[in-house]
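This report describes one protein chain for a reader who is new to structural description. Please keep the sequence and the model in view while reading.

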Amino acid sequence: MRNLKQIVILLAISLFCISCSNVPSTSYNPWKTITLETESTFADVAFTGDLNHGWLVGSQAALFETTDGGNTWEERKLDLSDEKVSFTGVSFHENEGWVTGKPAILLHTDDGGQNWSRIPLSEKLPGAPYGIIALGSQTAEMVTDLGAIYKTTNGGKTWQALVEGSVGVARNITRSSDGRYVAVSARGNFYSTWEPGQREWTPHNRNSSRRLQKMGYSDKGGLWLLARGGQLQFSSADDLEDWQEEIYPEFSTSWGLLDLAYRTPDELWVAGGSGNLLFSPDQGETWEKDRAIESVPSNLYKIVFITPEQGFVLGQNGVLLKYEPSTEPA
């Protein structure tokens, strides 16, 4: 009986040690924590042609404006009657901007956001506007939460459907800089891809038993995926079905990985639940953890780098992290 107790104790100690993090800490914390007076969860951020002038959107019709590069933000209220709107995306080309949201809503500005007008949407629109990218003057591409993709070249007066049908209810949809999309199904059990010129989405089975959390395109053209259990994986740029070995930035985590973003072609950041933020300087070969952020009382849902020197991590309950590059000599 004594031997059995000793074995149980040893097993418990082993499991405890496995759960402990051995990821080294970053040498300094490049993120400034900003807490805005809102209970909203932020969904997206974008800047006009002036990198000091930007807009932040989120749930509960959250709309915030900055004129100092993101150091301070002012809330802007829109007259939306009694609608309970959650904004899901924002994008600008110079002073022309777009905001998407649900229930189905699309806003447009041509003066940097001083005035916003509502673009009428068809009742037959498959799903609600999920995201939008401003491509040029009067030109934008919008995707709905069901994977319908539309393009306008006249400021939203008319829209051309780029894909027939839809992908179904999606957990999230991500667009690459060259116009390709990847959508993760609502339950995370498969994903679909689409590229310009295709008429339909292409479905793909996930390549492991772990349910998918989010996917996107790397700066080199391949796919990345985040899956349950803290799993990260990259595909080859030449063959998107050729997946490399699984990576666990922090082994045996009890929190999930929620987003990944590249600051440079080699440097990437991964955000997750409970204020967890990890950094790799070498495309995922090695990892460090920003432990100064662990005390931030928020899940970190999205990372956006406007430029390599200007970035943000979007959280809940008004939490926003702003990237501040090191001024220390290399």
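Leaving aside its neighbours within four places in sequence, with which residues is Ser 298 in contact?

## Ser 298 and its surroundings

Ser 298 is in contact with Ser 274, Gly 275, Gly 315, Gln 316 and Val 319, when neighbours within four places in sequence are left aside; contact means heavy atoms within 4.5 Å. One polar atom of the Ser 298 side chain lies 2.9 Å from the backbone nitrogen of Gln 316. This is a polar contact, that is, a pair of N or O atoms within 3.5 Å, where within protein one must be able to donate a hydrogen and the other to accept it, and residues adjacent in sequence count only if both atoms are side-chain atoms.

Ser 298 is placed in the loop between β24 (288-289) and β25 (300-307). Its relative accessible area is 3%, so Ser 298 is buried; the term buried stands for under 20% relative accessible area, exposed for over 50%, and partly exposed for values in between (1.4 Å probe, protein chains only). Ser 274, by contrast, is partly exposed, with 47%.

## Basis of the model

The model is predicted: local features need pLDDT of at least 70 and side-chain atom pairs count only at pLDDT 80 or more, whereas totals for chains, interfaces and linings use all residues. Residues are numbered from 1 along each chain as its sequence is written, and side-chain values use heavy atoms, with hydrogens and water left out.

## The chain as a whole

The chain contains 1 helix and 27 strands. These elements are DSSP runs, numbered from the N terminus: helices are H or I with at least four residues, and strands are E with at least two. The radius of gyration is 21 Å, close to the 20 Å from the globule rule for 330 residues, so the chain is as compact as a globular protein of that length. The radius is taken over C-alpha atoms, and the rule is 2.2 Å times the number of residues to the power 0.38.

Of the 330 residues, 50% are buried. Among contacts with a separation of 6 or more, 43% join residues 24 or more positions apart. The C-alpha atoms fill a box of roughly 75 × 45 × 45 Å along the principal axes.

## Ser 280 in strand β23

Ser 280 belongs to strand β23 (residues 277-280). With a relative accessible area of 0%, Ser 280 is buried. Its side chain reaches the backbone oxygen of Thr 286 at 2.8 Å. Not counting residues up to four places away in sequence, Ser 280 touches Asp 266, Glu 267, Leu 268, Glu 285, Thr 286 and Trp 287.

Val 99 lies in strand β7 and is buried, with a relative accessible area of 1%. Its contacts beyond four places in sequence include Val 57, Phe 87, Ile 105 and Trp 116. Val 99 and Gly 131 are 32 residues apart in sequence, yet their C-alpha atoms are 8.0 Å apart.

The loop between β7 (96-102) and β8 (105-109) holds Pro 103. A cis peptide bond, with omega about -5°, joins Lys 102 and Pro 103. In the loop between β6 (86-93) and β7, Glu 94 has a positive phi of about 55° although it is not a glycine. Ser 274, in the loop between β22 (268-272) and β23, also has a positive phi, near 55°.
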